[in-house]
Amino acid sequence: MKKLIPFSIFLLLILACNSTKMAIPTANLAADIIVKNVHIIDAKNGLQKDMTVLIKGNRIGKIEQTNEINAKSSTATIIDGSGKYLLPGLWDAHVHLAFIKELTPAMFKLFLAHGITSVRDTGGQLHLVLPEREKARNDPQNTPRVMVAGPLLDGVPTVYDGSTPNNPHLGIGAGTVEEAAKNADEMLAAKVDLLKAYEMLTPEAFKTILAKGKAAGIPITGHVPLSMDAIEASNAGMSSMEHMRNLEFACAADWEELLAKRKKMLFDGQAEIGSTLRRNIHTAQRSHAVDNQDAARRTKVLKVLAENETWQVPTMSIMMAGAERFNVRPDWLESFNLLPEPVRTNWKTNAVKFAETPVTEATTAYANWFFEMVGHLKTANVDIMAGTDCPIFFLTPGYSLHEELALLVKGGLTPLEAIEAATTKPAEYFKMDKELGLVQEGMLADLLLLDANPLEDIRNTLKINAVVRDGKLHNRAALDALKEDLREGK
Ligand SMILES: [Zn+2]
């Protein structure tokens, strides 16, 4: 006999089906923070207007059109997002946490105060950077996420060998393939998040390091070794290149001749100090290469980078500092007041002193090459990440990333592409894109709330209303207090 469903259960079923179409009831709004009526911006969906975003614990919960959601909640902190813009937290994908000893303790606060919720450390001794990563992991709500490379894996002679104050001991040199393998193994044993291969490596030692990183499943970044062509380095499996270093050589009409000359200089200069030898090579070739770029060759090089997914981190901030002199702008000098002493006084004096030196023609030409290359990278679909190289060369940690975004836009990226380079792309680079880099349900709650639209003017990324890190809200008052602490040297 056919069993009849009792009427009451039938009714419940109907109600259950209908409830998905109704406004979400207040009782179901599990949230610690609700950002009401805000415009969302991320690289996947662009601009989504008038949305309400729920944050529960350290994750983004429900996101709905504001009129679809009843945002009354008895316990959640409710933020009125009207006229504001909610973005994923920013990355600075090229920093050195341990470059200036006196600055290291202030770095995390500087990043957070400027909306930087993740950083990629691209070079520092293990005993200095690993404790910083540990600190960050133990206090994720008040520090940025930290990914570290450890020291630069270099050849012999070694550029950053600690021989001069300008060449601190950031690198370890390998004269043989065996030593290169040993150095890479040491990094992998320390569970670094990426490897950084450097300029004085032989092709064989370079390829050994790449194989080690690949086997461990982590990205390998670096500078194209002076002994190699960029195409050869990319084909070997480099995940990314920093500062577009030595790409100018690869894109020159006489790139083969330049490579042969570099190899001879490296061979003849084995007894030199590493930094001196590198400088001599750059001096001998850079301006010539910049003046003799070949469009067909450049197209070929960039096509290989795109096909191999060898990303670029142009670090415009440091590369442009010589030509643009932004570090003596009033706002930039003001940012020095957030730095601890003696760095604050030192930078104020030395940034001004540096700005008094004339800008050479070669510097201007190299700067122009950089801006043009950003446009070419975009056309060739080469992926870009935003990174600064702070705190080298008067680049205030945190503040400088916003300059980087502006410089990328000046180079030809749209504001949304610049935001992508500082959010979605770094997350993808570290295979974290399933949970980081977008304002999307279920993703980690690292967020930036702005008072003005960065798609209209990228400099609006500095108009920070609040930062959410690992689900913790740092509102404007909290960020101001953080800055006040920094000013007072706390
Ligand atoms: Zn660097």
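**Figure 1. Helices H2 and H18 cross one another.** In this predicted model, the axes of H2 and helix H18 (residues 476–487) come within 10 Å of each other and cross at roughly 145°. Helices are DSSP runs of H or I with at least four residues, strands are runs of E with at least two, and both are numbered from the N terminus. An axis is a line fitted to C-alpha atoms, for helices over the stretch in contact, and angles between N-to-C directions run from 0 to 180 degrees. The crossing of H2 past H18 is left-handed (the near helix is turned anticlockwise from the far one by less than a right angle; clockwise would be right-handed). On the H2 side, Ala106, Lys109, Leu110, Leu112 and Ala113 take part, and they meet Leu479, Leu482, Lys483, Asp485 and Leu486 of H18. Such a contact requires C-beta atoms, placed from the backbone, within 7 Å.

**Figure 2. Val53 and Leu195 belong to the largest nonpolar core.** This core has 139 residues, and Val53 and Leu195 are those with the most contacts inside it. Helix H2 (residues 104–113) gives the most to this core, contributing 7 residues. A nonpolar core is a set of buried Ala, Val, Leu, Ile, Met, Phe, Trp, Tyr and Cys residues joined through C-beta atoms within 7 Å. In soluble globular proteins, nonpolar side chains tend to be buried together.

**Figure 3. Val53 is a buried residue of strand E2.** Strand E2 covers residues 46–56 and contains Val53. A residue is buried if 20 or more other C-beta atoms lie within 10 Å of its own, exposed if 12 or fewer, and partly exposed in between, with C-beta atoms placed from the backbone. Leaving aside residues up to four places away in sequence, Val53 touches Val35, Val38, Ile40, Ile60, Ile63, Leu86 and Val439. Leu462 stands 409 residues from Val53 along the chain, and their C-alpha atoms are separated by 22 Å.

**Figure 4. Leu195 and its contacts.** When residues up to four places away in sequence are not counted, Leu195 touches Ala149, Leu153, Ala184, Met187, Ile209, Gly213, Ile218 and Ile220.

**Figure 5. Ala216 and Asp185 are compared in sequence and in space.** Ala216 lies in helix H5, which covers residues 203–216. With 16 other C-beta atoms within 10 Å, Ala216 is partly exposed. Ala216 and Asp185 are 31 residues apart in sequence, and the distance between their C-alpha atoms is 9.8 Å.

**Figure 6. Helices H9 and H14 pack against each other.** Helix H9 (residues 274–291) and helix H14 (residues 361–379) pack at an angle of about 55°, and their axes are 10 Å apart. H9 is therefore oblique to H14 (under 35 degrees counts as roughly parallel, over 145 as roughly antiparallel, 65 to 115 as roughly perpendicular, and the rest as oblique). H9 passes H14 in a left-handed crossing. Arg286, Ser287, Val290 and Asp291 of H9 meet Ala362, Ala365, Tyr366 and Trp369 of H14.

**Figure 7. Pro391 and Phe393 lie in the loop between H14 and H15.** Helix H15 covers residues 399–410, and the loop between H14 and H15 holds Pro391. The peptide bond joining Cys390 and Pro391 is cis, with omega at about 5°. Phe393 is found in the loop between H14 and H15 as well. Its phi is near 55°, a positive value in a residue other than glycine. Phe393 has 18 other C-beta atoms within 10 Å and is partly exposed. Most residues other than glycine have a negative phi, and most peptide bonds are trans.

**Figure 8. A cis peptide bond joins Val156 and Pro157.** Omega of this bond is about 0°. Pro157 lies in the loop between strand E9 (152–154) and strand E10 (171–173).

**Figure 9. Asn246 has a positive phi.** Although Asn246 is not a glycine, its phi is about 70°. Asn246 is placed in the loop between strand E13 (240–242) and helix H7 (247–250). With 25 C-beta neighbours inside 10 Å, Asn246 counts as buried.

Figure 10. Along its principal axes, the C-alpha trace spans about 90 × 65 × 40 Å. Among contacts with a separation of 6 or more, 72% are between residues 24 or more positions apart. Residues are numbered from 1 along each chain as its sequence is written. In this predicted model, local features need pLDDT of at least 70 and side-chain atom pairs count only at pLDDT 80 or more, while totals for chains, interfaces and linings use all residues.

Terms used
Two residues are in contact if their C-beta atoms, placed from the backbone, lie within 7 Å.
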